[in-house]
Every structure is written in structure tokens, then in C-alpha cells.
Amino acid sequence: MRTLIRFLLRSKTLFFFLFLEIFSLLLIINHNQFQRVHFLNSSNVVVGSVYRLSDKVYQYFNLTEVNESLSKENAYLRSKLSKAESEVSFYKQDTSYTGRKEIALSKNYSFITAKVIQASLIGQHNHITLDKGISDGVDIGMGVINEKGIIGIVSSASQHFSVVLPILNSVSRSHISAKVLNKSQSGALFWEGGDMRYATMDEVPLYVSIEKGDTIMTSGYSSIFPEGIMIGTVDEYSKKNDNFYSIKVLLSVDFNLLSYVSVIDYPFSEEKEELEKKVEEVTND
Amino acid sequence: MINETLKHIIYFFVLIFIQVLVLNNIRFLGFINPYLYVYFILFLPSSISKDMTLCLGFLLGLIIDIFSGTLGCNTFATVLLAYLKPIFQKAFGPREDYDIVFPSLHSFGMGRYIQYVFYLVFIHQLVFFYVETLSFAYFWRTLLSAVCCSIFTVLLIICIEEFKERR
């Protein structure tokens with residue numbers, strides 16, 4: 001007994017060491033499973049505030065790129081505005097039509113502009129922190145895009161900050177429903193890890209004709225992203241098996257140059273999901 | 001003594017801030033980042049007990065993890081580093097008997113200090129990257145990241161040590 005106690009006392013550092021290692025292993029495992037509920041990430045107020053402060057300094061370094069992307073977005077919005085104006089002037093002539101159009105418009109997606117205050121893009125667990133949170137209307141499960149294309153999905157949100165899992169996250173293996181422009185067949189887009197410029201698209205049937213340089217868009221089948229948002233272009237494609245292609249997609253978003261992004265708020269996503277769930281239950285029974 | 005403690009506390013926070021706000025954003029060639037924060041553990045004097053070193057390593061790793069969204073990975077690697085540090089310090093430290101060993105380029109000598117830093121940093125990086133991917137699926141790529149980041153980190157630490165000595 002005495003030797004045992006002496007042994008334990010002598011190696012207490014070793015036990016302390018093992019205890020700390022097991023604790024951190026538990027942290028790793030839990031973090032991977034319950035990423036959504038964990039508060040020890042950068043949607044935490046303290047961490048978020050520090051990053052916001054640092055961003056105030058950093059933003060001066062890439063003003064040129066920000067300017068450029070904002071002016072591009074301006075041009076895009078202006079072209080949309082002129083289109084909308086012409087439409088409005090048309091509908092003003094027929095007021096009974098306007099009422100219906102308003103209802104249709106109110107069902108549309110709305111956008112919340114947010115600023116990227118930190119982007120951790122080192123390994124497989126990539127994530128991005130935004131300066132908008134629940135109080136600004138951002139919530140878990142919303143899609144995030146910028147003027148170049150899609151970025152990712154909000155994975156956790158606090159009052160004033162939120163964390164986005166970008167498509168560049170091979171751990172969560174988030175799949176995004178995508179399609180080739182002008183083709184109706186959709187496939188699943190995901191990131192295999194490694195190069196941050198490329199993602200992989202699977203489950204595209206062989207009978208769809210694809211060419212290098214074809215545009216890949218969101219399909220709009222999930223309510224997270226509306227249809228027709230740019231993802232990237234086809235860089236290479238090969239037969240995965242007898243039925244499907246595997247496509248290497250050159251992403252249109254440069255993840256090293258993120259500044260302003262838009263969070264997509266689709267007010268009817270819950271309703272749509274509920275309805276789909278109901279149908280699933282019925283078909284399963 | 002109090003002066004020494006205060007100096008270490010300041011170093012602790014300064015290194016965390018440099019790591020999180022500057023070095024984590026470097027991403028040279030897309031994946032190479034120096035992990036300078038381990039320097040804090042490397043220069044702790046031998047008067048600090050092993051248990052205390054472990055505690056500091058744990059705290060340091062945890063704070064870095066919370067900031068970089070890799071909860072547990074840095075903590076795991078840094079606790080291991082803190083455990084190995086006294087052993088390597090004994091192996092590469094000065095041969096004369098001192099009461100307290102302050103690990104530095106000056107007290108160890110160039111060759112031995114570089115070895116001391118390189119082995120510890122490399123083990124830390126190796127463990128960190130494999131724990132981060134949680135698999136050996138990307139074996140070679142992970143190894144490459146670990147080697148590149150270690151070299152980067154060691155160079156940075158040696159530069160800082162040189163600078164300290166000149167002053």
C-alpha cells in the first residue's frame with residue numbers, strides 16, 4: 001500500500017499530464033459533435049469583440065479590393081434597379097395586377113449585409129465570423145453569399161456575432177445542392193480538403209453533357225440558397241462510376257479576400273421544411 | 001522575482017495576441033502559419049514546477065483554440081509540449097550546474113538551442129496537425145504542413161532570440 005501511494009505521489013505530474021490530455025481530447029470530440037451549441041467559439045462576446053477591434057485595423061489593408069467588389073455590386077444592383085423600375089411602371093397601369101405581384105414579392109428572400117471580422121482558413125475545421133447576430137436577424141441555418149458566389153451556412157449565432165461554416169469544411173461535410181447552368185439535373189457539392197480553390201461535385205448523371213468552363217449554380221432545391229447563385233466553373237470532370245460524374249469545380253469566391261457578405265433570410269424556410277417533413281412521414285408510413 | 005512573474009504574464013498575453021491577430025492570418029502558400037505562441041513554454045525557467053508548466057500549457061492552448069475555432073487541438077499539443085519541455089531542457093540544457101536554467105540561445109549555445117527548439121516545436125506541430133484532421137487519411141499532406149510550419153516557427157524563434165541577445 002505504501003509503495004503504491006509513494007508511486008502515485010512520485011508520478012503525480014504524469015497523472016496530471018494524462019488528465020489534461022484526456023480533457024482536451026474530450027473537448028475535441030465534443031466540439032466536433034456539438035458545434036452548434038458550443039459557446040466556446042468566436043460567436044462568444046469576448047472573442048467576437050476582440051476580432052471586431054482587430055478588423056478595424058485590418059480593413060485598411062485591403063481597401064482596394066473592397067472598393068472594387070463594392071463597385072461591382074453597385075453596378076449589378078443598378079442594373080437590377082433599372083429592370084425593376086421598368087417593371088413597376090408597367091404594373092402601375094394595371095392596379096389589380098400590382099396586388100398579386102406584392103404578395104409574390106413578399107415571399108422573396110431578403111438579405112442582411114454583414115462584415116467578415118475573422119476568417120480561420122487553416123486546416124479542415126475552417127470557419128468565418130460575422131459581425132451580425134440574432135439581434136440583426138441572422139439565425140442558424142441561413143445561407144451566406146457575396147457578390148462572387150456562395151460562401152457557406154451559418155452554424156452558430158449569438159446576439160451580435162455569428163459563425164459561418166464555409167463550403168471549405170471537410171469535417172462537417174456539408175453538401176450543397178448544385179446544378180450545371182441550363183441543365184435541370186442537380187448534384188451534391190462538397191469540399192474534400194486541401195486546395196481552397198476547388199470543390200467537388202458528385203451525383204451528376206452521365207447523360208448530362210458537361211464541358212470544361214460550364215457554370216455551376218445553386219439548384220434552389222433546399223431553401224437555404226435561392227436558385228441561380230454562382231458557385232464556380234467546371235475545371236475537370238471524370239466518370240466516378242457507371243452512373244455518375246465527379247466534377248472538380250473551380251470556386252468563384254476567393255476565400256482569402258472576404259470582406260462584406262450577405263446573409264440570406266428566407267422567411268418561409270421553416271414552413272417549407274415542415275411541409276416536406278410531413279410529406280416524408282406520409283410516404284414512409 | 002515579482003518582476004520575472006510580471007514579465008512572463010505580459011509575454012503570455014502578447015504572444016497570444018500576436019498569434020491570434022497576426023500570425024493566424026498569414027497562410028503563406030495557403031497553409032503555412034508560424035505557431036509562435038509555443039515560445040512561451042520554451043523559455044520558461046526551470047524554477048517553474050512541472051505541474052505549473054502543464055497548467056500554463058493547458059491555459060495557453062485553450063485560449064488559442066477558442067480564438068481559432070479548433071477547440072482542443074492546440075490544447076492537446078501544447079500540454080504535451082509542456083510535459084516534454086523539462087525532459088528536453090535537461091537533455092540539451094547547459095552542462096554546468098546552475099540553480100535555475102533560463103532556456104535561451106545564450107545559455108544553451110547555438111547548436112543545442114536550435115535542436116531543443118526544433119524537436120519540441122516539431123513534436124507539437126506533428127501532434128497538432130494529426131489531431132486536427134483526426135485521421136491519417138491525409139497523411140502526407142498533414143506531414144508536409146507540420147514540417148513547413150515547424151521550420152517557419154523555429155526560424156522565427158531563433159530570430160527573436162538573436163534579437164534579444166544583441167540587445
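**Interface between chain A and chain B**

Chain A and chain B bury about 3,300 Å² between them, with 66% of it on carbon and sulfur atoms. Buried area is the accessible area (1.4 Å probe) that two parts lose on being put together, summed over both. The model is predicted: local features need pLDDT of at least 70, side-chain atom pairs count only at pLDDT 80 or more, and totals for chains, interfaces and linings use all residues. Residues are numbered from 1 along each chain as its sequence is written, and side-chain values use heavy atoms, without hydrogens and water.

Chain A gives 38 residues to the contact and chain B gives 34 residues (heavy atoms within 4.5 Å). One salt bridge is found across the interface (a side-chain nitrogen of Lys or Arg within 4 Å of a carboxyl oxygen of Asp or Glu). The side chains of Lys12(A) and Asp51(B) form a salt bridge at 3.4 Å, N to O.

On chain A, α2 (12–33), α3 and β1 (110–120) each supply at least two residues of the side that touches chain B. Helices (H or I, at least four residues) and strands (E, at least two) are DSSP runs, numbered from the N terminus. The largest share, 14 residues, comes from α2(A).

Helix α3 (residues 45–58) of chain A also meets helix α1 (residues 2–22) of chain B; their axes come within 11 Å and cross at roughly 65°. Axes are lines fitted to C-alpha atoms over the stretch in contact, and angles run from 0 to 180 degrees between N-to-C directions. From α3(A), the contact uses Val50(A), Tyr51(A), Ser54(A) and Tyr58(A). From α1(B) come Phe17(B), Val20(B), Leu21(B) and Val22(B).

Note on methods. Chains are lettered from A and ligands numbered from 1 in the order in which they are written.
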